[in-house]
2 protein chains.
Amino acid sequence: MNEFDLIQSYFASAGAHRSDVPVGVGDDCALLQIPAGAKLAVSIDTMVSGVHFLPDCDPEALGHKCLAVGLSDLAAMGAEPAWATLALTLPRVDSAWLRAFSAGFSTLALEHGVALVGGDTTRGPLSISVQVHGLVSTGYGLRRSGARPGDLVFVSGTLGDAGLALQRMQAGDRVADWLRTRLERPTPRVALGAALYGLATAMIDVSDGLAADLGHILRASAVAADVHLRDLPLSSEVAAYVSATGDWSLPLAFGDDYELCFTLSPQRIADLRALASHFDCPLRVVGRLRYGSGLRCVMPDGAPWHSEQAGFDHFAGDE
Amino acid sequence: MNEFDLIQSYFASAGAHRSDVPVGVGDDCALLQIPAGAKLAVSIDTMVSGVHFLPDCDPEALGHKCLAVGLSDLAAMGAEPAWATLALTLPRVDSAWLRAFSAGFSTLALEHGVALVGGDTTRGPLSISVQVHGLVSTGYGLRRSGARPGDLVFVSGTLGDAGLALQRMQAGDRVADWLRTRLERPTPRVALGAALYGLATAMIDVSDGLAADLGHILRASAVAADVHLRDLPLSSEVAAYVSATGDWSLPLAFGDDYELCFTLSPQRIADLRALASHFDCPLRVVGRLRYGSGLRCVMPDGAPWHSEQAGFDHFAGDE
């Protein structure tokens, strides 16, 4: 079985359902038909065994997650997902692993109308790069740079669940199914992201932790933010953990949440309310922007929260 | 220095020179403006340390090669290169290595008008995934499936140089600079590929060896080919090696040549000659297509050439 056969046999179902792929897997390049007037949004992410996931993790969940991470980037741009490419580096050919991985990948791809159009399979230490391609039919996408002083800061869903799940798994503790799902099978907020396009002033997905990712919006928009930690949306398990330990780093700096953080003019609150009624995902105000720079996080007791390492940084500590 | 700063600081010069990138590196997605009527050609390739290159290889050459490999895929489709994304997995941050790598990457990118529009940097065993994006302004690209019985099979440049260079380096022998360049800094035949669009009937780039890659054209086009090995374009060094050893696997099955293999109706020979005068790259007829299936390689003594392993297969031997 050669590289080509590998990709073909396991991923065939993930590539055949769009009519805008004149040439798919199996030629030197895939050929994609972009609708007139639309712009193409692209994002590439790599997940490495032992860094982003445990070597023995469920391959079906891994297939889901490595696509979900990219879809979350498209969501944060307000783009409509369309195509993906997959570069798989594997220590060896393992049919059962590949079948489960491709099932996880393909199921999520179909759910979002994404066609797998190309890839590469090589031998080496387990890692996966996925590039997602989406469409922005008008304008220039929902960027990080449009936030203004006075805007409210919103977060979708809840923060810190993935971090708590990993902490419990590593300690060998029992992890509730829903909590494990939050770590292993995150739900990219694609429809919400698209709906917020034209309404929010800036948006990012929370992959490195709220402090780091909101920080990107603040720098790109040249504004400051005050966030009251009592307003953070927390599941009851994370709320109990924070209350017991006083450790806010889980919801603020662990990341892997794949929720959306966006900013909104207070004048658009009614529009957001009307929109929110169509989604079962809670949206919570966590802070407000002002002139200045930097993020000020205030703990419930009024003291400031600081973190030496705000957000997951793969190279923290190096030079 | 975080991931974002890393990519920004070393690759800034590779991303700023196209006007069709409304959003480049530094947001959730890059945004690309596709010209009206054009189709997008995409290809992703991964290079892994110890598999595709030696761990101590020159980082500048590596930066060149990991983009060249993708540009060669665009060339084989007859597409015009436009943009690239880069997913870098590094064991640690090494400024000197990154500076040299990005210099090699950026120089080749600028040479072909390619803008680096996005990327990801993670910690892990050294590997590099590059996705290239090109434009096909009319039609559906130069595919593998258009070859017809009676067509002539052409190859650009010379075959087997990269294999001979690697063999000599691994034996500790002296390697001439031009031969080493053929391995470490291959020249993607981008302009030639674009010029052959509308003239050749099928095309592929020779990355896995002529036998394997021509085999892809034969299967996709449902034709057979006879190739006379005395007609293969060989440098004098590879010709001397083959003559001394009788080993044809270097020019036929090692790969890493990044030359173009294409098929042409004999009626278009005059058109090809006119075109070839604009390129300094030799084009050689190596065989002819006929009805049937499979590739028949005839050695100069008239005996058939067989290879157990026709072309580089990362997973050969597995299940």
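Which helices of chain A are included in what covers the buried residues of H4(A)? In this predicted model, the cover includes helix H5 (177–184), helix H8 (236–245) and helix H9 (249–254) of chain A. Helix H4 itself spans residues 161–170, and its buried residues are Asp161(A), Ala162(A), Gly163(A), Leu164(A), Ala165(A) and Leu166(A). Just past the end of H4(A), Gly172(A) has a positive phi of about 80°.

Now for chain A as a whole. There are 10 helices and 12 strands in it. With a radius of gyration of 20 Å, close to the 20 Å from the globule rule for 319 residues, chain A is as compact as a globular protein of that length. Among its contacts between residues at least 6 apart in sequence, 84% link residues at least 24 apart. Here are some overall figures:

| Chain A property | Value |
|---|---|
| C-alpha box along the principal axes | roughly 60 × 50 × 45 Å |
| Buried share of the 319 residues | 59% |

As for charge, chain A carries 23 positive and 36 negative side chains, and the centres of the two sets sit 7 Å apart.

Over in chain B, take a look at Asp28(B). You'll find it in the loop between helix H1 (3–11) and strand E1 (30–32) of chain B. Its relative accessibility is 5%, so Asp28(B) counts as buried, the cut-off being under 20%. The Asp28(B) side chain makes a polar contact with the side chain of Arg144(A) at 3.2 Å. Leaving out neighbours within four places in sequence, Asp28(B) also touches other residues of chain A, including Ser43(A), Asp73(A), Ala76(A) and Met203(A).

Methods:
Residues numbered from 1 in each chain as written. Chains lettered and ligands numbered in written order. Predicted model: local features only at pLDDT ≥ 70, side-chain atom pairs only at ≥ 80, totals over all residues. Heavy atoms only, no water. Helix = DSSP H or I, 4+ residues; strand = E, 2+ residues; numbered from the N terminus. Buried < 20%, exposed > 50% of the residue type's maximum accessible area, 1.4 Å probe, protein only. Polar contact = N/O pair within 3.5 Å; in protein donor to acceptor, adjacent residues only side chain to side chain. Contact = heavy atoms within 4.5 Å. Rg over C-alpha atoms; globule rule 2.2 N^0.38 Å. Lys, Arg positive; Asp, Glu negative; His and termini not counted. Charge placed at Lys NZ, Arg CZ, Asp CG, Glu CD.
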